[in-house]
Amino acid sequence: MIAVIDYGAGNLFSVCNALSFLNIAHEVTKSADVINRADAVILPCVGAFPAAMESLHATGLVDTICENAKKKPLLGICLGMQMLFEKSDENGECAGLGLIPGEVHRIPSERVIIPHMGWNELVITQESPLFDQIEKPVYTYFVHSYQAFCDDRSIIAYADYDGKVPALVTDGNYVFGAQFHPEKSGEKGLQMLRNFERMAK
Amino acid sequence: MLAKRIIPCLDVRHGKVVKGVNFEGVKDVGDPVACAAEYNRQGADEIVFYDIVASHEGRGTFLDVVRETAKQVFVPLTVGGGITTVEDMRETLRAGADKISINSAAVKNPQLISDGAEIFGSQCVVVGIDAKRDGNGGYTVYVNGGRIDMHVDLLKWVEEVEQRGAGEICLNSIDTDGVRGGFDLEMLKAVCARVRIPVIASGGAGKLEDFATAFQQTGATAALAASLFHFGELTIPQVKADCRSKGIPMR
């Protein structure tokens, strides 16, 4: 069972729709017990960074999530991915979960439209079971104005948007983050969610 | 680089697709959910639902269609027709739409664009525009399905739409709509030169090359068509293959 953290996230229902469609057992939860007995955890996304961190802290689940991230797969989606890093300066500086070294800042290019919205191709720089049974080219759906800045070692795939936008990141163990929305990225996005479930077993 | 998008549009009336969609394997040609699922299978980059009745009474049925589609289709869904308040926007997004599209309501009350962008984010707000040549070398904006000339200059309007925070513009040319002679390249060029936000070409697609031509000759980042895809005259994979063969990035 995958625990989907309920902290008022905007894409909670899309993520659950996708998991239901794939017949992947999941529970939308605010409970530490459910997270502790889950096989994997998904952190969906909502609004802006500081408000999202505040909502997450309000659930009292931050320590539980960080503890579980040492022993079972955790997938952060979009802002949920950004929250895995140490800090962000969206609407003022705010600490993240610190599960992956790095920071979140506004997409720096002035030559492209912000938000980065639409289908962009993933440049895959590390093998990952998340790409099992997915043929290249892999286009996924992005909607965001801020991006991660981190070491190349943490990047599994990036997208080119007049610069390198980390698209899929990891701590090298159980923690994964997708800047794009797998639940809105067609069949290939769904396959990534299937692959994530498989990692949980 | 972002891929250019191909977007089929489904007009829905009383919970059914208008005129029906002629797809092999889709038994109920009028079922919007089945049609959307088929477009998803074909590789549509986004799907637009348009409530053409947009009556208060029919709202529930229409949102049921959106809700059901969101359970089966995993590409972005844009929903338009009858959205005149922030509350309508909220209800539509909650039903599972990723973006809402407003047209006449935005012209009559431009604050709706600002409010929508402020509350839900620019990425959720698409402004649809029906425009037509004014006979003096310019373009004017129409509302109510292209029936009423608002005597609003198109290029001034698109600037205001962008400045108020819209995430995208879907530009429908009344002059080329239904004619099937290709998208309105002149109008698209004029609009793309005025704004930085993405512009979706709409109205006039009649043959395979029309899509690639719009992408090559104008700044449009997406192209929308309805009947051309519904009647199976062209499929989305055919259009994408043609664009790809011309070096246009496609998913």
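**View 1. Strands β8 and β11 of chain A lie side by side and antiparallel.** Strand β8 (residues 116-124) of chain A is joined to strand β11 (residues 155-160) of chain A by three bridges. Here strands are DSSP runs of E with at least two residues, helices are runs of H or I with at least four residues, and both are numbered from the N terminus. Two strands count as paired if DSSP finds at least two bridges between them. Look for Leu122(A), which sits opposite Ala159(A) in β11(A). This is a predicted model, in which local features need pLDDT of at least 70 and side-chain atom pairs count only at pLDDT 80 or more, while totals for chains, interfaces and linings use all residues. Residues are numbered from 1 along each chain as its sequence is written, and chains are lettered from A and ligands numbered from 1 in the order in which they are written.

**View 2. Nine strands of chain A make an open sheet.** Follow the strands in the order β2-β1-β3-β4-β13-β12-β11-β8-β9, and you will find that the pairing is mixed. At the edges stand β2 (26-29) and β9 (139-144) of chain A, each with a single partner strand, so one side of each has no neighbour in the sheet. From one strand to the next, the twist averages 30° (axes are lines fitted to C-alpha atoms, for helices over the stretch in contact, and angles run from 0 to 180 degrees between N-to-C directions).

**View 3. Chain A also has an open sheet of four strands.** The order this time is β6-β5-β7-β10, again with mixed pairing. β6 and β10 (146-149) of chain A are the edge strands, pairing on one side only. Inside the sheet, β5(A) and β7(A) are parallel partners over two bridges, and Ser88(A) stands opposite Val104(A) in β7(A).

**View 4. Helix α3 of chain A has a buried side.** In this helix (residues 49-59), the buried residues are Phe49(A), Ala52(A), Met53(A) and Leu56(A). They span an arc of only 100° around the axis, which puts them on the same side of α3(A); the arc is that of the directions from the helix axis to the C-beta atoms. A residue is buried if 20 or more other C-beta atoms lie within 10 Å of its own, exposed if 12 or fewer, and partly exposed in between, with C-beta atoms placed from the backbone. The buried residues pack against α4 (62-68), α5 (79-82), β5 (87-88), β6 (94-95) and β7 (103-106) of chain A.

**View 5. Strands β7 and β8 of chain B form a hairpin.** Four antiparallel bridges link β7 (residues 139-143) and β8 (residues 148-153) of chain B, and Tyr142(B) has Asp149(B) as its bridge partner. Four residues lie between the strands, and in the turn Asn144(B) has a positive phi of about 55°.

**View 6. Chain B meets chain A.** Here 20 residues of chain B are in contact with 21 residues of chain A, where contact means C-beta atoms, placed from the backbone, within 7 Å. Of its 251 residues, 53% count as buried in chain B.

Key: Two residues are in contact if their C-beta atoms, placed from the backbone, lie within 7 Å.
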